[in-house]
Amino acid sequence: MRKAMVCLLMAGVLVASAGCGGNVTKSGTITIKGSDTMVILGQRWAEMYMHHNAGITVQVTGGGSGTGIAALINGGTDICESSRPMKEKEREQVKKRHGKDPKEIPVALDGVAVYVHEKNPIPSISIPQLKALYTGKIADWKDLGGPAGRIVAYSRENNSGTYVYFKEHVLGNEDFAADVQTLPGTAAVVNAVSKDPASIGYGGIAYGSGIRAIPVSKDGATSPVAPSLETVQDGTYPASRELYFYTIGEPAGAAKAFIDWVLGGEGQKVCEEVGYYPLRKKS
């Protein structure tokens, strides 16, 4: 996926926010790096926040969750966007390098969608079938109730948090089959699937334009569930997950003000506008 950057400069040193909850925000630059799944969400948050907060610059770049986590470890970003939880080794590296534990902040929900071409007739798929397909045990569409023909499977690259999630939660940490084709970004997976009726792929639900996201069954015995706000928030969609911000220690200054806004009503509303899901409201 092409790396994206939002960088809108606005003048001002200390202003009252015209929107975004009316908070007073100190001037400064906030850098955000990481998940390609989250990059369009990060862009929209940045655009809206800067529009109401003169003096604040928010720079958003993708590259993958692993890239964002590495940047956080190396001190190259204020906020890491990640579509997977940090690994213990990565947490230890942050602590060793900076003397502080990383702060994990869930900021949105996502359903990892399974994409097929719009002309593909299969109505649904199960997690065991996905595992068999991506590990090479199923290779023909007729074994999934479709017309006979070789399955062309697409995956994210191994630096992707979505790849890690899929390998852990769908494949049970087994290896992908050698003929699974990896692509650098969910948008690239969607593009490939939309052009090939014999293909299948997976990725964040917000990238689902132009293809069909099929319902998924947890075990083949239960009814398949389509990804939606309700099924992701209540966890009935089998591939539901949280999306995260990570900071070095507790966020402070301009970064904290931005994160507080993201977690508030206006920031969470952006999730739905972009095609993701807001966090569950606390009872």
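Two strands are taken as paired if DSSP finds at least two bridges between them, and strands (E, at least two residues) and helices (H or I, at least four) are DSSP runs numbered from the N terminus. The structure is a predicted model, in which local features need pLDDT of at least 70 and side-chain atom pairs count only at pLDDT 80 or more, while totals for chains, interfaces and linings use all residues. Residues are numbered from 1 along each chain as its sequence is written, and side-chain values use heavy atoms, with hydrogens and water left out.

Strand S5 (residues 79-82) is joined to strand S13 (residues 240-248) by 3 bridges, and the two run antiparallel. In S13, Phe-245 is the bridge partner of Glu-81. Strand S3 (residues 28-34) is also joined to S5 by 3 bridges, but these two strands run parallel; here Ile-32 stands opposite Ile-79. Ile-79 and Glu-81 point one way from S5, Cys-80 and Ser-82 point the other way, and all are buried (under 20% relative accessible area with a 1.4 Å probe, protein chains only; exposed is over 50%, partly exposed in between).

A nonpolar core is a set of buried Ala, Val, Leu, Ile, Met, Phe, Trp, Tyr and Cys residues joined through side-chain atoms within 4.5 Å. The largest such core has 75 residues, of which Trp-45, Tyr-134, Ile-200, Phe-245 and Phe-258 touch the most other members. Strand S6 (residues 102-116) supplies the largest share of this core, 9 residues. A second, separate core of 8 residues includes Ile-69, Cys-80, Val-94 and Tyr-244. Neighbours within four places in sequence aside, Phe-258 is in contact (heavy atoms within 4.5 Å) with Ile-30, Ile-32, Trp-45, Ala-46, Tyr-49, Ile-79 and Phe-245.

Lys-218 lies in the loop between strand S12 (216-217) and helix H7 (229-233). Lys-218 is exposed, with a relative accessible area of 62%. The C-alpha atoms of Lys-218 and Ile-125 are 9.0 Å apart, although 93 residues separate the two in sequence.
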